[in-house]
Amino acid sequence: MKTARIVLAVAAALALQTTLARYVRGTVALDLVLVVVVYVALTSGPVTGLLTGTFAGLVQDALATGVIGIGGLAKTLVGFLAGVIGTQFIVAQPLPRFFVFFCATLLHAAVFIGLYTLLDLRHFGAPYAAVAGQAAGNAAVGVVAFQLVELLPGAVERRRAAKSRIRR
Amino acid sequence: MLGHILLISAQINSRSGVPVLEAVAFGVFAEVQRGISAGFSSVRSVWSGYAGLRHVKSENDALTRQLEVAQVALQQQRALADRTRNLERLLGLRDRSNLNTVAADIIAGGATPDFRTLTIDKGTRNGVRADMSVIAPAGVVGRVVMPGTRAAKVQLLIDRNAAAGALVERSRAQGVVTGGGDDRLRLDYVSEVADVMVGDLVVTSGIDGIYPKGYVIGQVESVEKSGGAYKKITVKPAVDFTSLEEVLVVLTPTPAREAADGSVE
């Protein structure tokens with residue numbers, strides 16, 4: 001059940017990434033799949049994070065035009081490390097979560113761009129501003145996603161409770 | 001086990017030269033994207049076409065289509081006039097101005113922000129092949145990199161790995177336009193002594209064998225002296241890649257491609 005939920009979340013992130021990028025300006029710079037990987041890693045631990053990173057990265061690589069495995073490796077590493085951070089530290093407030101998402105995006109970019117540059121497959125110039133912008137965007141989306149997932153079930157229950165009180 | 005299968009599949013190429021894993025993943029996901037795109041389009045169509053400005057919207061759509069057709073015709077005329085000016089004595093050449101094209105809708109954007117690609121709803125079933133150029137009414141969009149049966153992936157000209165032979169329309173200075181991953185292009189290998197000014201129109205030169213000659217790439221935005229043998233030129237693309245909805249895939253092979261194919265045979 002959990003596996004199915006993770007696969008669905010990755011598929012939804014990919015669908016959103018490829019669809020929303022056409023309609024909403026600015027979403028083209030976000031990596032929603034990475035946001036899902038970090039979210040899963042923080043909530044489920046390093047092993048699930050690692051496996052989710054591997055799966056999501058390989059699927060994303062297969063749909064892009066680059067080398068299959070480079071994005072997969074970057075996301076595997078990020079998933080594992082985010083999972084370790086999630087188990088070793090308390091990452092329950094928006095600011096620490098923002099920090100983790102931000103650093104995860106920086107690490108992902110470093111591995112991804114580093115490998116492509118090392119293998120002389122692609123030249124990225126000086127992408128500091130773009131990477132920083134993507135990190136901030138991913139972090140903002142990640143924090144909002146966490147808040148929504150945590151608040152929505154509570155909101156539904158509060159609404160039900162309020163309705164039952166009115167009936168009484 | 002899964003890792004082995006993935007690694008082996010990644011290294012086996014299909015008939016079209018694309019790895020099997022990529023071809024299968026792209027084919028499957030293209031269908032999902034087609035469905036999602038259709039859903040989005042339906043909702044948008046209902047909202048903007050009926051709930052809002054029913055008559056004005058349909059009239060506007062018709063006029064937009066007319067304008068797009070006129071812009072494509074204008075580009076064809078520009079290419080024709082350009083060719084005529086330069087090759088007016090070679091009237092025996094076959095007229096290549098009437099390009100055979102197929103219209104395609106864009107059904108998805110890129111799966112990762114590091115690769116600037118689009119997915120279109122036409123594939124090998126419609127005659128689309130790898131390395132065919134893709135144009136829009138405003139100018140050049142990119143080239144087909146992965147044709148599936150019912151969909152194809154297009155590498156945009158602004159992708160870091162994209163390039164096209166180009167020339168400055170006014171001075172005929174030649175160079176190579178390359179993408180930078182952002183929304184600007186670079187015009188490389190233009191001699192330091194070449195006559196290039198801000199505002200000059202940059203068009204395809206046709207020497208790459210992919211893009212037909214004379215199609216608009218963009219306008220020169222800045223020209224700097226780099227101190228070396230070449231100028232540092234930035235080009236603003238004519239096409240707004242964020243608002244593309246329909247494109248044309250050029251099915252007619254370019255003269256350079258025909259010559260290359262002929263020499264291979």
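The model is predicted: local features need pLDDT of at least 70, side-chain atom pairs count only at pLDDT 80 or more, and totals for chains, interfaces and linings use all residues. Residues are numbered from 1 along each chain as its sequence is written, while chains are lettered from A and ligands numbered from 1 in the order in which they are written.

Begin by selecting residues 139–147 of chain B, which form strand β4 (strands are DSSP runs of E, at least two residues, and helices runs of H or I, at least four, numbered from the N terminus). Eight of the nine residues of β4(B) are buried (20 or more other C-beta atoms within 10 Å of the residue's own, with C-beta atoms placed from the backbone).

V134(B) has G142(B) of β4(B) as its bridge partner. A hairpin of two residues connects β3(B) to β4(B).

Then select residues 152–156 of chain B, strand β5, which is antiparallel to β4(B) over five bridges. Here G142(B) stands opposite L156(B). The hairpin from β4(B) to β5(B) runs through four residues.

Finally, display both chains. Their contact takes 31 residues from chain B and 28 residues from chain A (C-beta atoms, placed from the backbone, within 7 Å). On the side of chain B that touches chain A, α1 (2–11), α2 (20–52), β1 (101–108), β4 and β5 of chain B each supply at least two residues. Of these, α2(B) gives the most, with 10 residues.

Conventions:
A residue is buried if 20 or more other C-beta atoms lie within 10 Å of its own, exposed if 12 or fewer, and partly exposed in between; C-beta atoms are placed from the backbone. Two strands pair if DSSP finds at least two bridges between them. Two residues are in contact if their C-beta atoms, placed from the backbone, lie within 7 Å.
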